[in-house]
Amino acid sequence: MYEVVIYTLLYLLPAGFLFFLALDVLGRNMKKTEHLLLSGYIGCYGVLFFSEFIRHLVDVSYSPFLITYVFGNAGLLLFSLSLHFIFKITKVGEKMPKVLYPGVFYIPALIGLLTIVFQTNMTNSSSFERVGMFIYPEFNASYLITMTAGNIFHFFVVVMLFFVHRQLKHSVQQKIIRMLIIIASFVLVWDLIFGYVQARGSIPPYPYIYGGLIWTIALGFGLKKFDFLASYSHRFSILYDLNPSAIILLDAKFKVESANPATKKLLEVSRAKGLNFLEQLSEGTKEETIDHLRQSFVSGKNFSDFETSLETSSGKGKYVLMDGDFLLIDQRVYLMLIVRDIQRMKEAEETIRYLAYNDALTGLPNRRWFYESADLANKEGRHAFLILDLDGFKKINDTYGHQTGDDFLIHIAGILKENIGTKGMVARVGGDEFYAMMPISSEDELQWFVHHLKQVTAAEPFLYKGEPIPIRYSLGASIYPDHGTHLETLISKADESMYRVKKNGKNAVAVWGKG
């Protein structure tokens with residue numbers, strides 16, 4: 001089982017990738033010679049990997065047959081196809097005599113045909129040996145001659161590409177050929193090393209075939225970056241229509257010339273063409289966005305990740321990110337926008353920001369908010385700091401359940417918020433502990449407030465299925481600036497006062513320095 005996994009990773013997966021890539025290239029344009037050649041070339045490399053996968057699953061006695069009629073012939077054919085492909089895309093083939101082009105490239109493939117006709121191996125080893133999990137060929141004269149001839153031809157292809165590169169004047173074509181030179185040179189070096197190395201037991205047999213993987217990946221990169229071997233226009237149309245981001249083409253007056261279906265979904269409209277894009281901007285960011293778009297039109301510079309907000313037909317605002325670039329179509333300049341909806345991301349950020357400063361259960365601010373907001377530097381007059389800790393809260397949880405305990409906390413949070421109101425602040429800083437700060441004119445006012453709070457909580461017990469659960473708490477207080485001018489000092493003294501209440505029987509109030 002372990003060996004099958006290794007064979008799958010080394011051979012079957014690369015084969016699958018190559019067959020997929022071959023079909024993808026073919027599907028781009030089945031009528032163009034370049035697509036047919038490259039698809040066949042990549043497919044032959046897939047056959048090499050697949051035949052190696054099969055060869056290692058069966059008995060070693062099948063290796064001569066598989067190498068002779070499958071592996072070897074696929075290798076000869078891909079060599080012919082690769083030459084034809086390179087001569088085709090570099091236009092060198094057009095300068096060759098018609099009597100030679102492209103038939104001369106398929107002379108190596110004829111050798112494969114002769115192998116089948118005469119039932120004999122002309123280019124590869126016929127003797128094999130299993131070493132560990134791999135089956136290695138004997139390095140005989142046929143193998144070495146074939147390998148050397150291939151490398152010589154490969155070298156001349158690199159030289160030819162250099163020559164073609166010097167003749168080209170268009171920068172895009174030069175970039176394409178330069179990429180082919182680099183990869184072809186790398187693969188040549190790879191073949192020179194691994195085509196002659198016989199490291200039995202250390203590396204898989206025929207390791208030079210992995211150069212084909214490198215080559216095909218490089219071609220895939222070239223297809224994407226330089227857009228040679230372009231597909232049919234409907235492929236781009238499908239990409240345009242299925243793109244989840246809104247793609248909008250604007251004229252110089254910012255009217256929508258064309259838009260994909262995602263645009264209609266984003267703006268919640270049945271028809272996007274003809275809309276004035278500036279009218280879709282939200283008021284809060286409208287002026288800044290208009291300035292940005294107009295300056296971009298004047299400078300002709302592209303931009304990315306510009307954040308703004310749009311307003312849908314239903315009046316709902318949406319945060320978006322815009323990327324923009326300019327196109328020349330029929331001698332007119334257009335701005336193409338790619339607009340991504342980031343409303344959910346913004347809402348998630350707001351939720352994270354809310355949870356960072358608020359208690360998720362009660363909705364009150366949390367300890368972090370309290371410490372950052374209780375700034376004493378700008379406080380004038382007296383302020384009271386209160387620490388309220390519930391008595392017997394664990395018993396409520398144990399008796400009635402945690403859900404009831406949560407509802408009990410929400411009830412108390414509502415009472416504190418209602419009675420302190422906008423004149424002060426209240427926060428839940430722990431499981432059953434609350435902090436509060438409020439302005440007071442005197443200590444008598446503080447005494448009146450805590451007495452009033454006791455009356456309110458006594459009059460408004462929490463009801464559980466109609467049964468009242470009394471609210472009992474220990475409360476400690478300190479006064480700014482009478483008991484200190486630093487927040488930590490005042491909280492510490494209020495805390496000590498609260499614990500004094502706990503020690504002396506609970507359910508009471510104590511002000512620092514009293515009693």
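Q: Let's start with the sheet. In what order do the five strands of the open sheet lie?
A: The order is 4-3-7-6-5, with antiparallel pairing. Keep in mind that this is a predicted model. As a general idea, strands of a sheet pair through backbone hydrogen bonds, either parallel or antiparallel.

Q: Which strands stand at the edges?
A: Strand 4 (256-259) and strand 5 do. Each has a single partner strand, so one side of each is left without a neighbour in the sheet. As you step across, the twist averages 30 degrees from one strand to the next.

Q: What sits between strand 5 and strand 6 in their hairpin?
A: Five residues lie between the strands, and Gly315 in this hairpin takes a positive phi near 90 degrees.

Q: And how many bridges join strand 3 and strand 4?
A: Three bridges, again in the antiparallel sense, with strand 3 covering residues 246-250. Leu249 has Ser258 in strand 4 as its bridge partner.

Q: Which strands does helix 10 touch?
A: Helix 10 (residues 283-299) packs on the sheet and touches strand 3, strand 5, strand 6 and strand 7. Its direction makes about 140 degrees with that of strand 5. Helix 11 packs on the sheet as well, touching strand 5, strand 6 and strand 7, and its direction makes about 145 degrees with that of strand 6.

Q: Now helices against helices. How do I read helix 13 and helix 14?
A: Two packed helices are described by the angle between their axes and the distance between the axes. Here the axes of helix 13 (residues 393-400) and helix 14 (residues 402-420) come within 6 Å and cross at roughly 135 degrees. The two helices are therefore oblique to each other.

Q: Which residues of helix 13 and helix 14 meet?
A: From helix 13 you have Phe393, Ile396, Asn397 and Tyr400. They meet His402, Thr404, Gly405, Phe408 and Leu409 in helix 14. By class, that contact has five nonpolar, four polar and no charged residues.

Q: What is the volume of the second largest pocket?
A: About 360 Å³. Of its 15 lining residues, Pro244, Lys265, Leu266, Lys318 and Asp341 are the closest to its centre. Helix 9 (261-267), strand 6 (317-329), strand 7 (332-341) and helix 11 (343-357) each give two or more residues to the lining. That lining has five nonpolar, three polar and seven charged residues.

Q: How many cavities of 30 Å³ or more are there?
A: The structure holds two. The largest cavity has about 90 Å³ of space. Among its 14 lining residues, Tyr136, Phe139, Val197, Pro205 and Tyr206 lie nearest its centre. By class, the 14 divide into 12 nonpolar, one polar and one charged.

Q: Which element gives the largest share of the lining of the second largest cavity?
A: Strand 10, with three residues. This cavity has about 60 Å³ of space, and its lining has 10 nonpolar residues, with no polar and no charged ones. Leu386, Leu416 and Phe434 are among them.

Methods. Residues numbered from 1 in each chain as written. Predicted model: local features only at pLDDT ≥ 70, side-chain atom pairs only at ≥ 80, totals over all residues. Heavy atoms only, no water. Axes fitted to C-alpha atoms, helices over the stretch in contact; angles between N-to-C directions. Helix = DSSP H or I, 4+ residues; strand = E, 2+ residues; numbered from the N terminus. Parallel < 35°, antiparallel > 145°, perpendicular 65-115°, else oblique. Contact = heavy atoms within 4.5 Å. Nonpolar A, V, L, I, M, F, W, Y, C, P; charged D, E, K, R; others polar. 1 Å grid on protein atoms, 1.4 Å probe; cavity = no way out; pocket = protein on both sides within 12 Å on 5 of 7 lines; lining within 4 Å. Points joined across faces, edges and corners; volume = space filled by probe spheres on them. Pairing = 2+ DSSP bridges.
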